[in-house]
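This report covers helix packing and pockets in one protein model. The sequence and coordinates are shown first.

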Amino acid sequence: MVTYADTLQCAASVGAHRHICAFFNGLEEEHRVLGSFYKDGFDRGEKATHIVAAENREEYLKRLTEAGIDVQRRMQTGQLEVLPWTDMYVRDHRFDQDAMLASVEKVIQSGAGAGYERTKLVGHHMDWLFLDRSAVQDLVEYEARLNGLLSKYDAPVVCNYDSSKFGASVALDILRTHPLVIIGGLLRENPFFVPPEQFLAEMRERRSPRTAS
């Protein structure tokens with residue numbers, strides 16, 4: 001069985017794709033599957049930025065330590081950043097697609113500027129997003145648009161989702177915006193992925209007011 005960590009060690013094996021969605025049921029499962037992947041990146045000299053809920057930060061750092069990562073040293077040298085959602089996702093108390101895309105690009109470029117050959121971004125999305133239909137639409141549009149940005153860089157972005165927070169229709173939209181997916185601890189090409197232009201056109205149609213016949 002090929003695990004996610006084993007597969008992604010050879011970036012060439014995923015071709016030009018760097019945008020990955022991963023579905024888990026809580027932090028314990030996430031770190032059981034991805035802990036070695038996170039550690040391997042640090043051992044290879046990669047930089048990593050992890051976005052988490054502020055209230056989960058200490059538990060998250062503990063999980064990284066349990067994976068064999070010297071968290072304090074990595075953070076002191078700047079190789080590891082663990083940032084709260086509000087630093088990346090939110091502007092004026094709402095999810096802002098353009099601000100998020102700019103933040104992702106800034107993270108990638110700052111890693112390169114600091115001398116790191118590769119920067120990895122691991123994102124955990126805000127639970128409240130899934131209670132607001134408009135916010136969910138903004139989120140999946142952002143995920144589609146992110147593919148265009150990532151096509152310019154060799155920088156894996158892993159979008160971790162708690163499967164208990166949303167229904168099947170949202171899960172399908174999330175799947176359709178990511179060329180790679182981790183389900184059941186395995187990384188695989190995503191058969192549900194659609195080109196970003198096609199997905200965004202569909203979203204524009206969804207947002208358009210229906211005209212009376």
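In which hand, left or right, does α6 pass α8? The crossing of α6 with α8 is left-handed (the near helix is turned anticlockwise from the far one by less than a right angle; clockwise would be right-handed). The model is predicted, with local features taken at pLDDT of at least 70 and side-chain atom pairs at pLDDT 80 or more, while totals for chains, interfaces and linings use all residues. Residues are numbered from 1 along each chain as its sequence is written, and side-chain values use heavy atoms, without hydrogens and water.

**Helix pairs**

Two packed helices are described by the angle between their axes and the distance between the axes. Here axes are lines fitted to C-alpha atoms, for helices over the stretch in contact, and angles run from 0 to 180 degrees between N-to-C directions. Helices (H or I, at least four residues) and strands (E, at least two) are DSSP runs numbered from the N terminus.

| Pair | Axis distance | Angle |
|---|---|---|
| α6 (133-150) and α8 (196-207) | within 9 Å | roughly 160° |
| α2 and α3 (57-66) | 9 Å | about 45° |

On the α6 side the contact (heavy atoms within 4.5 Å) includes Ser134, Gln137, Asp138 and Val140, and on the α8 side Pro196, Phe199 and Leu200 are among the residues. By class, this contact has 6 nonpolar, 3 polar and 4 charged residues (Ala, Val, Leu, Ile, Met, Phe, Trp, Tyr, Cys and Pro count as nonpolar, Asp, Glu, Lys and Arg as charged, the others, Gly among them, as polar).

The angle of about 45° makes α2 oblique to α3, and their crossing is right-handed. Leu27, Glu28, Glu30, His31 and Tyr38 of α2 meet Glu59, Tyr60, Arg63 and Leu64 of α3. That contact has 4 nonpolar, 1 polar and 4 charged residues.

**Pockets**

A pocket is an open set of points on a 1 Å grid where a 1.4 Å probe fits, with protein on both sides within 12 Å along at least five of seven lines, and lining residues have an atom within 4 Å of a point. The largest pocket holds about 320 Å³, a volume being the space filled by probe spheres set on the points. Among its 18 lining residues, Leu27, Asn56, His124, Asp127 and Asp162 are closest to the centre. Strand β7 gives the largest share of the lining, 3 residues.

The second largest pocket has about 210 Å³. Its lining includes Val136, Gln137, Val140 and Arg206, with 6 nonpolar, 2 polar and 3 charged residues in total.

Key:
Angles under 35 degrees count as roughly parallel, over 145 as roughly antiparallel, 65 to 115 as roughly perpendicular and the rest as oblique.
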